[in-house]
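Here's a quick tour to follow with the structure open beside you. Take the stops one at a time and find each residue as you go.

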Amino acid sequence: MDERILLVTRQWALAQPVVSAFVTSVVRDFADRDDVLQEIAVAIIQSSHRYDPERSFVGWALGIAQNQVKSYLRAKHRNRLVFNDEVIALVSDTFQSESPDEMHKLEFLNECLEKLEGRSKQLCELRYANDLKPAAIAQKVQMSANAVAKALQRIRDQLRACIQSKIITERA
Amino acid sequence: MSFDPQELIDGYLDDRLSPNELEQLETWIQECPQNAREFASAAMLHDRLRDEQVARSGIARFVVDGCKPNPAEQDSEFESTPKVRIASIWRWNGLRSIATAASVLATAAGLLIILWNGFGDSVAVAGVVELNRLIATSVLSFDQTYQIDVEDVALARRRGGRGRDASQMRPPKPPMDAAILHVRGQSNFVLIRKTVDGADFVTGSNGRSSWAARPDGPVRVSSDLSRFNRDVPGHEFHMPLSNINEGLSQMRVAYDLHVLPIENPDGDVSFGEGASRLLVAVKKKGYPGPRRVEITYSVSSGHIEQLRFIEMPYGPDRLTLRLTLVEERDLGPDFFDHSSHHTSDRTVIEE
């Protein structure tokens, strides 16, 4: 196999979480995220001959991701509320510059998820494992959609606080 | 500032913001780099939560075409099962073992081998992979305009129409040859055919209604989206020319797919700009449809350049016709409405 394709494949495996987070930040539906990500993966490998190894791979991949995300938004969500192009570009730049630290922090997420119990655990599973939005979750758990949304916000806050405390412990 | 940014971010990620709130969030993100970082951090957590929960739930499936999860294995508490597709198996997780990473790379390499060296037994797999890519690219593309050329018509022996007087006979269909087809997504199309007098006979759909604007008489509009594509080849077997995406999807089931080697304009066999590839689909026994479909597409972008339908049933006849992409651009918000294709003084009848 071409050396360049091997290099790009290796780099892609490492950059993929950042690109995935960027796609999620714009596309939001997880099933659609997977579709768009698949398109990006194919586009990246097919454009491997254009990649300059002197440049940041993540930046290059995010550039391709931006194009794919915009195409997706044009085709699928003409009437849906989405970020404007300027914000999409800004978010992409932010992911490129901030990602290594953030990725490291998230290595504690699994441990923090272990601490969720009862209703919090259930809501988190319904939202993320089952890809249900608050309104759909509300029907399953006999809560209002607003209450589910608030609860999800609190769960994320708890997880962030847990991750932060683990980082502090690690550094101590 | 009267709003809580974290609340806006959470509302955005859960798809619950109003247009005003979205605008507030956009303004806030653009205010300073720290705000943008905060948003990116929340999105990363959100994204990783999905992967962690899918991994934990134990019901993730690597779904490939025709390979559905076994319902008996699904968690009965949950109705929907997350589907993890090809890209998702490339997901790196810092907590996963090196073995997982090696597996990820091996799978990626396997896909590459299929894509680039798709010969022998892997040809059929490569065909499916490539067809999926063409479908995805087609969905994500701008509006497309095709020129239709009829290469050959094999006429069936006519039974003479005995027992039906002239008033009961349908008027002849306008010829497909030299017709122009505009398509957008899954259900928007405009097909412009020329009658023998050279006038435009236009049919179309804007996704909410279908319509026909004949050269004379009233413009007819129907809420039945298939009402006016019944004289367009392919509609009987779910491969209407007016919905290329549906046709491509149908090919996954009813056709054997073969990817031919890359062809470059300059004869070079390397994988470069301008290189085209031919995907050949041969109909399986027992399925209706054209005997063979040939799709020429750009290797680099996955954009379809030409579709060729060989021996496509068209009433009792068989057509061999070619669709050549002539333009790809946004045709504007009203292009697929009937009013864009006739003068405003025409009578419009809602059926």
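D337(B) is partly exposed, because 18 other C-beta atoms lie within 10 Å, while a buried residue would need 20 or more. Keep in mind that this is a predicted model.

**Around D337(B)**

- You'll find D337(B) in the loop that links β13 (317-328) and β14 of chain B.
- Now look for W211(B): D337(B) and W211(B) are 126 residues apart in sequence, yet their C-alpha atoms are 8.4 Å apart in space.

**The sheet in chain B**

- How many strands form the open sheet in chain B? There are twelve, with mixed pairing, and their order is β9-β10-β11-β12-β13-β3-β4-β5-β6-β7-β8-β14.
- Going from one strand to the next, the twist averages 20°.
- The edges belong to β9 (255-259) and β14 (348-350) of chain B; each has a single partner strand, so one side of each has no neighbour in the sheet.

**Strand β6(B) and its partners**

- Is strand β6 (residues 200-206) of chain B largely enclosed or largely open? Six of its seven residues are buried, so β6(B) is largely enclosed by the rest of the structure.
- On one side, strand β5 (residues 188-194) of chain B pairs with β6(B) in the antiparallel sense, with seven bridges.
- In that pairing, I192(B) stands opposite V202(B) of β6(B).
- The hairpin of β5(B) and β6(B) has five residues between the strands, and G198(B) takes a positive phi near 90° there.
- β6(B) also runs antiparallel to strand β7 (residues 210-213) of chain B, joined by four bridges.
- V202(B) turns up again here, standing opposite A213(B) in β7(B).
- β6(B) and β7(B) make a hairpin too, with three residues between them, and G207(B) in the turn has a positive phi of about 90°.

**Two helices within chain A**

- Two packed helices are described by the angle between their axes and the distance between the axes.
- For helix α2 (residues 30-46) and helix α3 (residues 57-76) of chain A, the axes come within 9 Å and cross at roughly 135°.
- α2(A) and α3(A) are therefore oblique to each other, and their crossing is right-handed.
- Where do they touch? V36(A), E39(A), I40(A), A43(A) and I44(A) in α2(A) meet A61(A), I64(A), A65(A), Q68(A), V69(A) and Y72(A) in α3(A).
- Sorted by class, this contact of α2(A) with α3(A) has nine nonpolar, one polar and one charged residues.

**A helix from each chain**

- Helix α8 (residues 145-171) of chain A and helix α1 (residues 5-13) of chain B have axes that come within 10 Å and cross at roughly 110°.
- That angle makes α8(A) roughly perpendicular to α1(B), and the crossing is right-handed.
- A149(A), L152(A), Q153(A) and R156(A) of α8(A) make the contact with E7(B), D10(B) and G11(B) of α1(B).
- By class, the contact of α8(A) with α1(B) has two nonpolar, two polar and three charged residues.

Definitions and conventions. Residues numbered from 1 in each chain as written. Chains lettered and ligands numbered in written order. Predicted model: local features only at pLDDT ≥ 70, side-chain atom pairs only at ≥ 80, totals over all residues. Axes fitted to C-alpha atoms, helices over the stretch in contact; angles between N-to-C directions. Parallel < 35°, antiparallel > 145°, perpendicular 65-115°, else oblique. Left-handed = near helix turned anticlockwise from the far one by under 90°. Contact = placed C-beta atoms within 7 Å. Nonpolar A, V, L, I, M, F, W, Y, C, P; charged D, E, K, R; others polar. Pairing = 2+ DSSP bridges. Buried ≥ 20, exposed ≤ 12 C-beta atoms within 10 Å, placed from the backbone.
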